[in-house]
Amino acid sequence: MSAVLQLHDITKTYATGAVEVQALRGVSIEIDQGEFVAIVGPSGSGKSTLMHILGCLDTPTAGTFHLAGDDVASLDEDRLAEVRNRHIGFVFQQFNLLPYLSAWRNVELPLVYTGTDRHERKERALAALAQVGLADRADHKPGELSGGQQQRVAIARALVTEPAMILADEPTGNLDSVSTADVLGLLDDLHRQGRTIVLITHEQDVAEHAERTVQIYDGQVRTEVAGAVA
Amino acid sequence: MQWRDTVRTATEAVRTHRLRSALTMLGILIGITAVILTVGLGNGAKAEVRDQINELGTNLLVVSPGSSTDSSGVRGGFGSSSTLTVEDAEAIADPKAAPDVQAVAATATTSVSLTNGDTNWTTTLTGTTPSWAEVRSREVTSGRFIDEDDEAEAANVVVLGPDTASELFTTGNPVGQYVTYNGSKLKVIGVLEELSSSEETSNNDLAVVPFSTYSERLVGGSSRDSVTSIYVKATSEDTLSAAYQETNALLLNLHGITSADDADFSIATQESILTAATSVDKTMTVMLGGIAVISLLVGGIGVMNIMLVSVTERIREIGLRKALGARPRSIRRQFLVEASVLGLAGGVLGVLLGVVGAVVLPHVTDTRVILSLSASLAAIAMAIGIGVVFGVYPASRAARLAPIDALRSE
């Protein structure tokens with residue numbers, strides 16, 4: 001399988017005043033097309049920093065990063081926005097849905113920034129909602145949906161651009177156990193359909209859904225263990 | 001991102017925060033209304049003055065006693081003794097000496113109280129020649145105007161203004177009846193036609209008597225020949241300046257003055273009176289306009305304030321939009337358009353309120369307001385402009401936010 005994502009010797013240093021904090025000290029990861037990888041680590045391990053770099057929300061201080069064949073380590077802000085739009089589907093812990101827009105309008109949001117035609121946007125948004133089992137909730141505002149349903153809408157939003165990778169950052173952190181199972185089940189389904197999923201979490205039982213777990217500790221990859229195949 | 005989507009997003013944001021948007025618009029609204037009404041009041045005042053001056057008659061020169069410094073200014077502080085006399089008026093009326101003058105009317109005025117039985121009314125008593133009606137373009141609705149015989153006999157006759165007539169004679173036709181001034185009985189021989197457009201009462205409230213009656217029987221005094229002003233009517237608009245030159249030369253000659261700078265009289269044209277009268281209004285308009293512009297500026301600062309609050313409050317939304325692929329320029333445009341939508345809405349509402357004000361104000365304060373379409377459109381454009389200008393800083397702040405910082409904030 002071809003690697004959809006290649007990190008090589010990534011370092012990230014934050015300068016806060018006089019103190020320099022090395023959040024990542026030479027991380028190398030490869031993720032193949034269709035893989036379901038969990039990145040775990042305690043807080044302060046550099047996990048969040050890694051997630052930001054994987055999500056092209058931040059650029060590494062040194063090292064190379066190829067995403068879907070493009071070298072993204074040195075892109076400017078506009079190009080990064082384009083890469084995020086095309087290749088990455090985000091799922092956040094806080095859902096991050098816009099409260100004043102209905103479910104389908106939230107889902108179509110990434111397509112607005114690609115300049116996709118209105119009708120096609122609605123069609124694709126409704127299709128993505130159907131894929132997460134919320135076709136009948138398309139016109140509901142986030143406030144009218146349960147936590148689990150909101151996260152499903154967020155996953156539909158991540159799917160709608162057909163990205164190279166779905167990047168889920170603690171997607172179950174704000175959910176009860178039933179909704180957690182629900183959302184993880186959905187991720188398993190998407191994985192079976194051939195999606196590449198990167199799941200960032202600190203919960204071991206959530207990480208067990210992935211094929212492979214990458215443990216981050218002190219800004220470095222500690223171990224890579226093959227998890228139970230879901 | 002397409003423009004249509006940007007505008008839609010902006011209007012949605014405005015509608016989501018209704019109260020806040022309404023308050024922001026209020027600032028712009030008040031400013032725009034102030035601008036519209038100021039311009040309207042200025043135009044109204046100007047039109048009013050023009051009407052009043054046109055009511056004096058057409059192709060008219062007004063000669064007043066006292067000096068003037070230039071041809072356009074009517075300087076205050078007339079000479080203590082009147083330097084113009086009936087003889088001056090007669091000289092100007094000579095067609096050989098002044099061929100471009102059609103008619104001349106010398107007038108002397110004073111404020112008097114007229115009585116009819118128990119009714120008494122204070123009005124302006126005007127002593128003048130029969131030519132006054134022609135010079136001032138006035139007609140009588142009933143009876144007749146004073147004639148040469150009245151003038152020759154110094155007859156005790158009076159022509160009343162329409163307002164004066166209705167005040168003194170509440171019922172019946174005043175023509176043929178008598179009014180009393182200072183013991184003298186004056187027979188009413190006519191009533192002047194009303195100048196309907198006039199806001200100025202002096203055109204409708206006056207009593208006209210023959211000049212001879214005025215000076216010899218009624219007012220008299222030390223200088224029986226002196227007049228308050230001489231109205232000179234030129235034969236046409238084209239000969240107005242020739243008539244001006246002729247009048248000026250004649251009077252200088254008659255008064256034995258060699259240098260025009262020493263003239264003891266001044267001649268005003270309607271245009272110069274208009275200029276002098278509107279210059280005061282202009283100052284007021286500029287002042288009020290200044291206040292209006294300041295209030296618009298305050299409104300603009302309100303927009304900026306709200307947009308900054310909006311950026312701070314929606315920091316997560318901005319982060320999310322960036323994560324989903326919004327470029328800095330899309331974010332900047334979104335907030336700029338939002339600020340302009342606020343400006344546009346405030347501007348349109350402000351113009352509407354201005355129109356309402358223009359309808360209501362004349363009923364309340366008796367002032368005329370003339371709205372202009374171009375000023376209204378300019379005001380709306382200005383409102384949008386203010387939205388854009390004051391939106392630039394908040395918008396670029398939003399655009400510069402790093403997506404991770406924006407997403408991380410709670």
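**Figure 1. The two domains of chain B in the predicted model.** In this predicted model, chain B is divided into domain 1, which comprises residues 3–52 together with 278–408, and domain 2, which spans residues 80–263. The C-alpha centres of domain 1 of chain B and domain 2 of chain B lie 55 Å apart.

**Figure 2. Chain A as a whole.** Chain A contains seven helices and ten strands, and its C-alpha atoms fill a box of roughly 50 × 40 × 40 Å when the box is taken along the principal axes. The radius of gyration of chain A is 17 Å, which agrees with the value near 17 Å that a compact globule of 230 residues would have. Of the 230 residues of chain A, 49% count as buried, and of the contacts in chain A between residues at least 6 apart in sequence, 67% join residues at least 24 apart. The mean pLDDT of chain A is 88, with 97% of the residues scoring at least 70. Within chain A, confidence is lowest in strand β10 (residues 220–226), where the mean is 77, and highest in helix α3 (residues 103–112), where the mean is 94.

**Figure 3. Helix α1 of chain A and the residue that follows.** Helix α1 (residues 47–54) of chain A is mostly covered, since seven of its eight residues are buried. The buried residues of α1(A) are Lys47(A), Thr49(A), Leu50(A), Met51(A), His52(A), Ile53(A) and Leu54(A). Just after α1(A), the backbone at Cys56(A) takes a positive phi of about 55°.

**Figure 4. The contact between chain A and chain B.** The contact takes 19 residues from chain A and 18 residues from chain B. On the side of chain A that touches chain B, α2 (77–87) and α3 of chain A each supply at least two residues, and the largest share, six residues, comes from α2(A). By class, this side of chain A has nine nonpolar, five polar and five charged residues.

Figure 5. Lys46(B) lies in helix α2 (residues 18–54) of chain B. Lys46(B) and Val208(B) are 162 residues apart in sequence, and their C-alpha atoms are 29 Å apart in space.

**Figure 6. Strand β5 of chain B between its pairing partners β7 and β8****.** From strand β5 (residues 157–160) of chain B, Val157(B) and Val159(B) point one way whereas Val158(B) and Leu160(B) point the other way, and all are buried. Strand β5(B) pairs with strand β7 (residues 184–192) of chain B in the parallel sense over four bridges, and with strand β8 (residues 206–210) of chain B in the antiparallel sense over two bridges. Leu160(B) takes part in both pairings, standing opposite Val191(B) in β7(B) and having Ala207(B) as its bridge partner in β8(B).

**Figure 7. Strand β10 of chain B and its pairing with β1****.** Strand β10 (residues 265–269) of chain B is mostly covered, with five of its five residues buried. Phe265(B), Ile267(B) and Thr269(B) point one way from β10(B), while Ser266(B) and Ala268(B) point the other way, and all are buried. Five bridges join β10(B) to strand β1 (residues 60–65) of chain B, and the two strands run antiparallel. Within this pairing, Val63(B) has Ile267(B) in β10(B) as its bridge partner.

Figure 8. How many other C-beta atoms lie within 10 Å of Phe265(B), a residue of strand β10 of chain B? The count for Phe265(B) is 25, and Phe265(B) is therefore buried, as 20 or more are needed. Not counting residues up to four places away in sequence, Phe265(B) touches Val63(B), Ser64(B), Pro65(B), Gly66(B), Thr83(B), Leu84(B) and Leu251(B). Phe265(B) and Ser184(B), which are 81 residues apart in sequence, are 33 Å apart in space, C-alpha to C-alpha.

Definitions and conventions
Residues are numbered from 1 along each chain as its sequence is written. Chains are lettered from A and ligands numbered from 1 in the order in which they are written. This is a predicted model: local features need pLDDT of at least 70, side-chain atom pairs count only at pLDDT 80 or more; totals for chains, interfaces and linings use all residues. The radius of gyration is taken over C-alpha atoms; the globule rule is 2.2 Å times the number of residues to the power 0.38. A residue is buried if 20 or more other C-beta atoms lie within 10 Å of its own, exposed if 12 or fewer, and partly exposed in between; C-beta atoms are placed from the backbone. Two residues are in contact if their C-beta atoms, placed from the backbone, lie within 7 Å. pLDDT is the predictor's confidence in each residue, from 0 to 100. Domain bounds come from an automatic or database domain assignment. Ala, Val, Leu, Ile, Met, Phe, Trp, Tyr, Cys and Pro count as nonpolar, Asp, Glu, Lys and Arg as charged, and the others, Gly among them, as polar. Two strands pair if DSSP finds at least two bridges between them.
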